[in-house]
Amino acid sequence: MANSEQSFLTLGAVHKDEGVVKRHFSSAMLSSTAPTGATFSNWKFTDSNNNIVTSTQTTNSWSGTMVTSGTVSVQVSASGSNSAIPTASASVTNRNWHTGPATPAEVANGTFFSLPVPPQSTGDDSGLGEFQWHYVLNSNLQYSTINDNGPNQGYTYWPSNQIFSTWNFQYEINPDLENTGSTFYQAQTGHYNATTNPSGCISGSNLLMQTNRHEWNSSTQSHYAFYSNSLNSSSNNPGDFLEQQFAVPGANLNNFATNSNSGITSRLSNVTSASDVQPFPVNDDAAGNFLGTINYAPYNLCN
Amino acid sequence: MMRQVTFSGPSIMLHTICAIKRVRLLIAHLLLWTTASIATMIAATTKLDSQEPGAPGVLDLTAPVPHNEQGYYHGIPGSSGGGGAWRPGPGDTMPYRLPLSLEILRATPNKDGNFVVEILVRNTDSAAFNVPASPNLTTTEKPGNKSRRVFFLQLQPLAGSNPGIVALGSATTAASINLPGSFIRLGPGKSLKILLLASSDFIRRSFSQESQKLEVKATCQEWKLDDNRFFLSGMSGELASLNTIQFALHGEQVAPVQP
């Protein structure tokens with residue numbers, strides 16, 4: 001009967017509590033091909049690590065919220081035939097908890113950092129720009145333990161995603177660089193030529209464009225690119241990570257919460273490290289080509 | 001015990017002095033008794049045991065923690081962070097470094113077939129360090145308690161093992177200045193031996209198909225909880241042990257290779 005056993009058991013993907021964020025659903029149900037009068041016993045769920053959940057119910061279905069995939073089996077007995085133990089795989093699908101990057105937003109000089117005006121060659125970004133990204137994670141996230149006598153009875157999971165009360169990426173551009181009439185801006189002559197005038201200066205417009213490129217306006221060579229690429233990677237995304245966390249029945253739930261929190265903070269820390277890497281300088285282009293010297297006060301560097 | 005304090009009617013000065021002294025002694029005795037009671041209670045909870053003079057104390061964290069002692073909060077604390085020019089200010093989560101070193105001493109099988117791993121925690125600083133020592137997180141984390149700190153120890157398989165298993169064993173302790181005895185004071189250069197339980201089942205499942213040896217490190221980390229909310233006012237970096245311990249797989253049996 002081994003081959004035909006499979007036909008007894010099908011798994012229905014029945015969403016429970018539509019509209020409520022759940023990690024899953026799934027209902028294990030026997031098909032109508034079970035013989036009339038069949039009885040059902042020994043419902044069993046086994047996850048990929050051989051953790052087992054059993055049920056004593058004798059109905060032809062076993063349903064409940066599921067947070068991890070596994071195998072479901074049931075013993076089917078019918079008069080006049082041997083009992084069978086059909087099995088079926090139960091798969092869960094992820095909720096979309098991906099943590100998206102914040103939209104880059106320019107803020108006034110001094111909002112989070114004071115760029116020197118007129119510009120001076122200070123800091124990593126030549127005194128012309130600065131960025132920060134900042135988050136504040138709320139503390140109202142609580143885990144939930146399944147108690148519906150279903151296949152994942154006793155498993156603990158996160159029923160909702162984390163909420164950040166602050167989640168931003170901000171940048172500042174030196175006001176003198178954005179002011180075409182400033183002495184600094186006017187002093188950027190734009191006479192650089194790699195061959196004929198290699199000690200010449202970058203132009204004001206180019207310097208402004210490349211400073212923006214350096215901070216945020218490049219998909220490859222900006223702090224924002226490094227930040228967003230890191231955050232969007234599956235290995236660093238806190239939401240993707242949290243969505244998949246669950247604890248098996250009997251686990252220490254403080255450890256579960258701690259590991260979840262550590263997973264989030266370590267991922268955000270990775271994002272910090274990535275965003276702090278220096279893109280090509282503000283007087284290079286996105287390909288790393290030098291575009292000219294920056295002419296700081298007393299403005300006597302340009303040939 | 002206070003019933004033993006008696007004041008008779010006519011008393012001479014000497015008698016009074018003696019009585020006062022006796023009261024003081026009794027109060028002192030009572031204080032000592034109270035302190036000892038609390039210490040005993042905590043020590044009983046944490047099984048802190050100084051085996052012999054000069055030897056490091058032992059904090060045994062191998063016993064399972066009852067469900068109702070696993071934490072007051074059933075969730076993740078708030079925190080803050082960022083990058084670039086962002087720096088933590090008042091009310092933010094302040095990163096810090098634990099002034100400790102970890103050394104795995106040995107692993108021995110217990111009667112259940114799991115392993116008791118001995119970890120030596122040493123204070124590497126010139127100032128004393130207070131190790132949170134109460135496994136009853138529910139009591140220590142309770143709002144109203146001040147300077148709450150939570151200390152985590154884990155046994156982690158190194159790279160190359162089954163990525164689904166994060167920890168082979170772990171324990172969490174907590175403390176608050178409102179709960180005398182919930183800390184264990186480690187003087188400069190002093191050590192504490194902590195016993196952790198490692199699951200043989202997790203160890204077995206952590207072996208990759210290619211390797212018959214599993215390398216394991218110990219790690220620790222600490223949180224400081226804000227006094228007024230479930231928010232991290234501080235979070236230490238994760239500290240890894242100076243050494244590792246290996247486990248070998250012989251058939252289905254797991255055995256430690258002592259460091």
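Reader: Hi! Let's start in chain B: in which sense do strand 15 and strand 16 of chain B pair, and over how many bridges?

Author: Hello! This is a predicted model, and in it strand 15 of chain B pairs with strand 16 (residues 253-257) of chain B in the antiparallel sense, over five bridges. One bridge to look at is B:Q246, whose partner in strand 16 of chain B is B:V257.

Reader: What sits in the turn of the hairpin between those two strands?

Author: Two residues lie between strand 15 and strand 16 of chain B, and B:G251 in the turn has a positive phi of about 65°.

Reader: And which strand does strand 13 of chain B join, with how many bridges?

Author: Strand 13 of chain B is joined to strand 15 (residues 239-250) of chain B by seven bridges, and the two run antiparallel. There you can find B:L214 opposite B:F247 of strand 15 of chain B.

Reader: Nice. How many bridges join strand 6 of chain B to strand 7 of chain B?

Author: Nine, with strand 6 (residues 100-109) and strand 7 (residues 115-123) of chain B running antiparallel. B:T108, for instance, has B:V116 in strand 7 of chain B as its bridge partner. That hairpin has five residues between its strands, and B:G113 takes a positive phi near 90°.

Reader: What does B:N114 contact, beyond its neighbours within four places in sequence?

Author: The partners are B:T108, B:P109, B:L197, B:A198, B:S199, B:S200 and B:D201. With B:S200 there is a polar detail too: a polar atom of the B:N114 side chain lies 3.0 Å from the backbone nitrogen of B:S200.

Reader: Switching to the interface. How many residues does each chain bring to the contact?

Author: Chain A brings 34 residues and chain B brings 30 residues. About 2500 Å² is buried between the chains, with carbon and sulfur atoms giving 49% of that area.

Reader: How many salt bridges are there between chain B and chain A, and how many residue pairs are in polar contact?

Author: Zero salt bridges, but 16 residue pairs in polar contact across the interface, counting pairs with both residues at pLDDT 80 or more. On the chain B side, the elements that each supply at least two residues include strand 4 (79-84), helix 2 (137-141), strand 9 (149-157) and strand 13 (213-225) of chain B. The largest share, six residues, comes from strand 4 of chain B. By class, that side of chain B has twelve nonpolar, 15 polar and three charged residues.

Reader: Which strand of chain A pairs with strand 4 of chain B?

Author: Strand 9 (residues 129-137) of chain A does, in the antiparallel sense and over six bridges. In that pairing, A:W133 has B:G83 as its bridge partner.

Reader: Tell me about A:W158 then. What does A:W158 touch?

Author: Leaving out residues up to four places away in sequence, A:W158 touches residues of both chains, among them A:R95, A:W97, A:L242, A:F256, B:G75 and B:I76. A:W158 is found in the loop between strand 12 (156-157) and strand 13 of chain A. With 0% relative accessibility, A:W158 counts as buried. From C-alpha to C-alpha, A:W158 is 6.0 Å from A:S144, and the two are 14 residues apart in sequence.

Reader: What about A:D124, buried or exposed?

Author: A:D124 is exposed, at a relative accessible area of 61%. Its place is in the loop between strand 8 and strand 9 of chain A. A:D124 and A:P281 are 157 residues apart in sequence, yet their C-alpha atoms are 8.5 Å apart.

Reader: Last one: why is helix 5 of chain A largely enclosed?

Author: Helix 5 (residues 223-232) of chain A is largely enclosed by the rest of the structure because eight of its ten residues are buried. Among them are A:H223, A:Y224, A:F226 and A:L231. The cover over those buried residues includes strand 9, helix 4 (204-215), helix 6 (238-243) and helix 7 (253-275) of chain A.

Notes: Residues are numbered from 1 along each chain as its sequence is written. Chains are lettered from A and ligands numbered from 1 in the order in which they are written. This is a predicted model: local features need pLDDT of at least 70, side-chain atom pairs count only at pLDDT 80 or more; totals for chains, interfaces and linings use all residues. Side-chain values use heavy atoms; hydrogens and water are left out. Contact means heavy atoms within 4.5 Å. Buried area is the accessible area (1.4 Å probe) that two parts lose on being put together, summed over both. A salt bridge is a side-chain nitrogen of Lys or Arg within 4 Å of a carboxyl oxygen of Asp or Glu. A polar contact is a pair of N or O atoms within 3.5 Å; within protein, one must be able to donate a hydrogen and the other to accept it, and residues adjacent in sequence count only if both atoms are side-chain atoms. Helices (H or I, at least four residues) and strands (E, at least two) are DSSP runs, numbered from the N terminus. Ala, Val, Leu, Ile, Met, Phe, Trp, Tyr, Cys and Pro count as nonpolar, Asp, Glu, Lys and Arg as charged, and the others, Gly among them, as polar. Two strands pair if DSSP finds at least two bridges between them. Buried means under 20% relative accessible area, exposed over 50%, partly exposed in between (1.4 Å probe, protein chains only).
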